[in-house]
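Let's take a walk through this model together. Have the chains up on your screen before you start.

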Amino acid sequence: MPSKMDKELLIQHYLSNQLTDEQRRLFNQLLASDADFKEQFEFEKNLQGAIRNKQNIDLKSKLIGFEKEITEDIPAKQIRPSYRKWAMAASIAVMATLGWLGYTNLSGPNFDALYDTNFQEYPNTAYTITRGDNQESIERDAFVAYESGNYEIAVEKMQQIPLSQKEEYVDFYLAQSHMHLGNHARAKDLFGKIIKGNAKFAAESYWYAALVSLKEGDKQTAIEQLRILLDSYDYQKEKATTLLKELQ
Amino acid sequence: MQEKQPHITLEQLKQGSDKVLKQVYEENRAKFLNWARRYHLSEEENIDIYQDAYVIFYDNIMSGKVERFTSSISTYLFGIGKYLIFSQMKKNKKTIRSEFDLALVGEEDEVTASFEMEEQELTTEQSLLQKHFGTLGAKCQELLTLFYYRGFTIQEIMQLENYNSENVVKAAKSRCMKTLRERIKTNAI
């Protein structure tokens, strides 16, 4: 006669698909002869089904949330042939020259107003901070700080992430944090690096780099950056078109 | 060019962190939707099917149907997706053209051959259990989910949740089950 513990183990193994042939024989025997065992088994099997169903519903809602983030926050980029990469690198060289020329064209405070109208923080769509997640990491601290608006801490933490663990998106959020802190030169360098490497967030970097150029009063570079953004990507299409018109 | 993310293992997926779930969702989405478009369903239907295929794939992983990956994740998703697309086409009363016939068996059909494709409707008992399960404390819900859904042993739960001994876990589990039984009984009267 199997003990209570043996019976519990049999049910557990059944529910996790781990019964051996011998255990399955014993399990079937008990199911036919032991009413209490049968009742306990039915209860646990039903509970497993109920939990499984709940988990599936929860997962589906999570996926709907991911989808929403993709369609709302990150508009689809156009598929570009690979020569675009080189064209963009060439454009950066042109931009640098034009930028210097454009820099001489500094003008009034309306650039600041345009910057303020158009600058909106890019939300954290890269690093998921799970509630109740006990995992401690520098990256997690950095993004918690970013989401809470503590940009100084965000910069500090992002710079501490070891190179081997640094995800591609970190530079983009580091640049965002610098923008908030008014470190536009640092932000500009980082956006330039992302664009040059055609890394994740390249389209977004063109947009924000154009805003930095505005802030610096560098109208010509801002125009060039917006043109490339409109020619090669879909990101911020409407806003970029409006801003370009205002600058021309 | 986007940098390729590190390869996701079955164990990582089983742990089910939001980060990994999202990475898998994003990595396979465009590929799946491009493939699904040939069946001329609406984009909304394709996205819904992609999500359902993902849920079914994950459910089969958690119920032990996948012991190790023998193909890429996208192959599994395509296999399930194919089944769901044909079901949807039948529902929409669309004709299935011969080149897309179900009889054409590819790798994706083989790897998902033992999968449960349809979500089982909850029985009355299960609905009642689900309702009262939701009223249990967070600790109880977590413990029972680890045991019955994630397939953790008592010893693994002890280590994960920092219980002092296996007996403490067993006692806690018994209390949760007892509460659940009592609540169902009260409700049934």
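What you have is a predicted model, where local features need pLDDT of at least 70, side-chain atom pairs count only at pLDDT 80 or more, and totals for chains, interfaces and linings use all residues. Residues are numbered from 1 along each chain as its sequence is written, while chains are lettered from A and ligands numbered from 1 in the order in which they are written.

The model scores ipTM 0.88 and pTM 0.56. A contact here is two residues whose C-beta atoms, placed from the backbone, lie within 7 Å.

On to the interface: 26 residues of chain A are in contact with 30 residues of chain B. On chain A's side, the largest share, 18 residues, comes from helix α3 (residues 35-73); helices are DSSP runs of H or I, at least four residues, numbered from the N terminus.

Now the backbone. Most residues other than glycine have a negative phi. H40(B), in the loop between α2 (18-36) and α3 (43-62) of chain B, has a positive phi near 60°. N162(B) has a positive phi near 55° and sits in the loop between α8 (154-160) and α9 (166-188) of chain B.

Methods:
Helix = DSSP H or I, 4+ residues; strand = E, 2+ residues; numbered from the N terminus.
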